[in-house]
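Here are my notes for your review. Please read them with the model open.

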Amino acid sequence: MNPQTSIPLGAVQGALRTSLPFIAIASIIFAVGIASIVLSRLRSRERSLLWLGIFALIYAVRLFLQNDLIRTAAGSNVHFIKLSTLFLTYVIPIPYAAFSREFLGPGWKRSISIWLWLEIILAPVAIVASTAGNQWRQTDLADNLLIIGGTLLVLLHVFLRGSRDAAAKSLRWPVLVCGVLVLLDNLGLRPGKIDLEPLGILILLSGLGYAASWRAVGRERKLTEVERELATARHIQNSILPRGAPQITALQIATRYQPMTAVAGDFYDFIRTGEDSLTILVADVSGHGVPAALVASMLKICFAAQRDEARDPARVLAGFNRMLHDALGGQYVTAACASVDLSAQQVIYSGAGHPPSLLFRRSRGELVQLAENGLFIGPFPHATYENMCVPFESGDKLLLYTDGIIEATAPDGEQFGHDRLMQFLLDSKNLGPGDLIGKLFATISTAVPEDDLTVVLAQAE
């Protein structure tokens, strides 16, 4: 070892005695920073924990670099350590202010947001001025004034919000004690040679961490409750959907229902109207999620109430409109209703603002669009609906669906569309109902559904 660069043993021992307590504090703060960042990745995505973690990590690194033991061990790299310390000194207030804004909001007349932007503007200016122009005293004064002013803002908002927010109330004394200790330290009123700032920051971090964790845990609890409620809603919604189609000789029926979210606004159901006849309803409530699902559950009751009118789809839809137009709160429903009668070999069909259903006629090899459509159900109290009647013979297929099918993304990245659905049905005319629906969903399904998807396919044997 070169004796000119060796470190005197006495210097090392002296540095150890004065530095080890602060190395311990820096290590604790560093660990708090890591833990905060990890906790910020919970489902609640509590961003205040993320800013707290960044603040703690930066402060801990600066505390390490300011330590006499580190500086003694650095030897000829002391200049680099001083520059790094200077850089971190002006950067530290930014995550502190960002935490305050995230936790307390922008503040009275956006005062905390203004403080944050002033810190962001000061940091690069102060770093350049201090390194290039040796204006350390002026920039350090400006930095201290901003920190003191920002801390006073935080105290003001914490004391004002304490009666309304338990998490904010818990910050009162940690922020106050830290502010007093940091102020005494910067005014040179420290007892002996004890550095009060690290102790104040440790107290502050304890309070900030507790408050942010309290809020994160509360949000996690709420998310868990929401998930439990959604699971109950999903169970209820699944219970209102038919467990299977009515068993009718010479009629095959296949269905597929795929909600975009936990609960959905699509709905389908059947009413048996005779030994060889039934009525099929496919409906789509505007919007998604719980509000749409609530309306969909109302459709179950409304459809059951139309049992006596089930052979007349137009009257079924008109009955829906009478019952729902005052109850949807701005939402609306589209629907397709088809009465299938095998003995009469016909389908009576009516729609309410719904995509045209499709009928493949095997005897002619043609595809017929059932485009009889009235107005949406809900917004128009005096809406009227009409029926159309088409033949339904052996081998014919009747396809009812919601708009999620034609709005889905095809394998080429384009919207699947109505024309492509028609061509798909023609190309798959020899498949049975179950296989045809399976192939359709394999064609349009994506990792993230863009809408609720519902299909009912009936085929006369």
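1. Basis. This is a predicted model, in which local features need pLDDT of at least 70, side-chain atom pairs count only at pLDDT 80 or more, and totals for chains, interfaces and linings use all residues. Residues are numbered from 1 along each chain as its sequence is written, and side-chain values use heavy atoms, with hydrogens and water left out.

2. Whole chain. The protein chain has 15 helices and 11 strands. Helices (H or I, at least four residues) and strands (E, at least two) are DSSP runs, numbered from the N terminus. Of the 461 residues, 47% are buried. Buried means under 20% relative accessible area, exposed means over 50%, and partly exposed lies in between (1.4 Å probe, protein chains only). Take the contacts in the protein chain with a separation of 6 or more: 69% of them come from residues 24 or more positions apart. A contact means heavy atoms within 4.5 Å.

3. The sheet. Which strands form the open sheet, and in what order? The order is β1-β11-β10-β6-β7, with antiparallel pairing. Two strands pair if DSSP finds at least two bridges between them. Strands of a sheet pair through backbone hydrogen bonds, either parallel or antiparallel. At the edges are β1 (251-258) and β7 (366-370), each pairing on one side only. From one strand to the next, the twist averages 15 degrees.

4. β1 and β11. Eight bridges link β1 to β11 (residues 453-460), and the two run antiparallel. L251 has A460 of β11 as its bridge partner, and Y257 stands opposite T454 in β11.

5. Burial of β11. Is β11 buried or exposed? Eight of its eight residues are buried, so β11 is largely enclosed by the rest of the structure. In a regular strand the side chains alternate between the two faces of the sheet. On one side of β11 are L453, V455, L457 and Q459. On the other are T454, V456, A458 and A460. Both faces are covered, and these residues are all buried.

6. β10 in the sheet. β10 (residues 397-401) pairs with β11 in the antiparallel sense over five bridges. L399 has L457 of β11 as its bridge partner. β10 also pairs with β6, again antiparallel, over three bridges. Here L399 of β10 is the bridge partner of L358.

7. β6 (residues 357-361) is mostly covered, with five of its five residues buried. S357, L359 and R361 point one way. L358 and F360 point the other way, and all are buried. Five bridges join β6 to β7, and they run antiparallel. L359 stands opposite V368 in β7. The two strands form a hairpin with four residues between them. In the turn, G365 has a positive phi of about 65 degrees.

8. A helix pair. How do α4 and α6 pack? Helix α4 (residues 78-91) and helix α6 (residues 111-132) meet at an angle of about 155 degrees, with their axes 9 Å apart. That makes α4 roughly antiparallel to α6. Axes are lines fitted to C-alpha atoms, for helices over the stretch in contact, and angles run from 0 to 180 degrees between N-to-C directions. Angles under 35 degrees count as roughly parallel, over 145 as roughly antiparallel, 65 to 115 as roughly perpendicular and the rest as oblique.

9. The α4 and α6 contact. From α4 come L83, L86, F87, Y90 and V91. From α6 come A123, A126, I127, S130 and T131. By class, the contact has eight nonpolar, two polar and no charged residues. Ala, Val, Leu, Ile, Met, Phe, Trp, Tyr, Cys and Pro count as nonpolar, Asp, Glu, Lys and Arg as charged, and the others, Gly among them, as polar.

10. Positive phi in loops. Most residues other than glycine have a negative phi, and most peptide bonds are trans. A250 has a phi near 70 degrees, a positive value in a residue other than glycine. A250 sits in the loop between α10 (196-240) and β1. A250 is partly exposed, with a relative accessible area of 31%. Q345 is not a glycine, yet has a positive phi of about 50 degrees. Its place is in the loop between β4 (333-341) and β5 (346-352). Q345 is partly exposed, with a relative accessible area of 42%.
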